[in-house]
Amino acid sequence: YVRAITIRSGSTVSYADAHATESGRTYIYKITAYKTVDGTTYASDYSATKTKCYLAQSTITGLTNTADGITVKWSKVAGADGYKIYRRIESGNWTLIKNITSGSRITWSNTNRISGTRYQYRVAAYKTVGGTTYIGTYSAAKTIFYLAQPVITGLSKTGSGVMVKWSKVAGADGYRIYRSGDGGASYVRAITIRSGSTVSYADAHATKKGKTYIYKIRAFKSENGTAYYSTYSKTRSITR
């Protein structure tokens with residue numbers, strides 16, 4: 001043992017040990033009280049020991065909508081045996097939804113979500129020592145609205161361009177339509193539709209005869225200035 005600190009107040013009963021910072025290391029503590037009388041210091045017996053494994057705080061590095069759910073990514077914590085993932089829906093209670101049993105795994109997919117629903121996630125590392133499981137500090141919570149993947153239901157030629165139609169996505173505030181005219185090497189945003197109930201767009205810029213145009217779409221929802229996006233639809237093409 002090393003003396004971590006001498007507390008010079010009999011009423012102080014806590015101490016923040018800023019030196020116990022090696023993630024994954026187990027620290028053991030014991031305490032003795034003392035009193036000084038006429039220049040002589042008398043000490044009590046040591047307390048029973050207490051053990052704590054320090055684990056650094058993880059950080060959620062990404063929440064992404066996929067075709068079948070939400071992918072959660074987080075930072076690796078040194079010394080961790082695994083991670084506990086917690087979720088709450090809308091303003092509900094936090095629930096442990098997944099126990100990751102590998103300290104090197106830093107991604108997980110939460111499938112079968114409900115489109116238009118607000119989800120929050122947080123992650124904590126854990127380590128088991130001597131039959132006791134120690135859990136690190138929760139990460140800051142991260143928010144995402146799950147939005148289902150749109151489906152392009154039709155492309156048709158019109159006298160002035162191409163008519164694009166797609167499936168409605170529950171909970172969406174609108175859609176972004178992207179067009180490629182070079183075989184999919186690059187896309188431009190054709191338009192942003194600011195209505196979740198609009199499911200068609202007449203593209204008056206796809207006008208070149210004999211040219212093939214490729215389209216993809218993603219839904220979006222905004223909250224407090226932040227836009228949340230679905231994954232892109234599968235592409236569809238049409239030749240004018």
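Strands (E, at least two residues) and helices (H or I, at least four) are DSSP runs, numbered from the N terminus. The model is predicted, so local features need pLDDT of at least 70 and side-chain atom pairs pLDDT 80 or more, while totals for chains, interfaces and linings use all residues. Residues are numbered from 1 along each chain as its sequence is written, and side-chain values use heavy atoms, without hydrogens and water.

**View 1. The loop that holds Asn224.** Asn224 sits in the loop between β18 (212–223) and β19 (226–229). Its phi is near 50 degrees, a positive value in a residue other than glycine. Asn224 counts as exposed because its relative accessibility is 75%. (Exposed means over 50% relative accessible area, buried under 20%, and partly exposed in between, with a 1.4 Å probe and protein chains only.)

**View 2. The loop that holds Glu90.** Glu90 lies between β7 (82–89) and β8 (95–100), in the loop. Here too phi is positive in a residue other than glycine, near 55 degrees. Glu90 has a relative accessible area of 36%, so it is partly exposed.

**View 3. Lys234 and Thr59.** Lys234 is found in the loop between β19 and β20 (236–239). With 68% relative accessibility, Lys234 counts as exposed. Thr59 is 175 residues away along the chain, and the two C-alpha atoms are separated by 31 Å.

**View 4. A nonpolar patch on the surface.** Ile5, Ile7 and Tyr15 form this patch, with about 240 Å² of accessible area together. (Patch residues have over 30% relative accessible area and no salt bridge; nonpolar side chains, namely Val, Leu, Ile, Met, Phe, Trp and Tyr, are joined within 5 Å, and like charges within 9 Å. A salt bridge is a side-chain nitrogen of Lys or Arg within 4 Å of a carboxyl oxygen of Asp or Glu.) Ile5 belongs to the segment before β1 (26–29). Ile5 counts as partly exposed because its relative accessibility is 42%.

**View 5. The largest pocket.** This pocket has a volume of about 1300 Å³. (A pocket is an open set of points on a 1 Å grid where a 1.4 Å probe fits, with protein on both sides within 12 Å along at least five of seven lines; lining residues have an atom within 4 Å of a point.) Of its 30 lining residues, Ala4, Ile5, Lys30, Ile31 and Thr32 are the closest to the centre. β1 and β3 (40–43) are the elements that give two or more residues to the lining. β1 gives the most, with three residues. By class, the lining has 17 nonpolar, eight polar and five charged residues.

Key: Accessible areas come from the Shrake-Rupley method with a 1.4 Å probe; for residues, only the protein chains shown count as cover. Grid points are joined across faces, edges and corners, and a volume is the space filled by probe spheres set on the points. Ala, Val, Leu, Ile, Met, Phe, Trp, Tyr, Cys and Pro count as nonpolar, Asp, Glu, Lys and Arg as charged, and the others, Gly among them, as polar.
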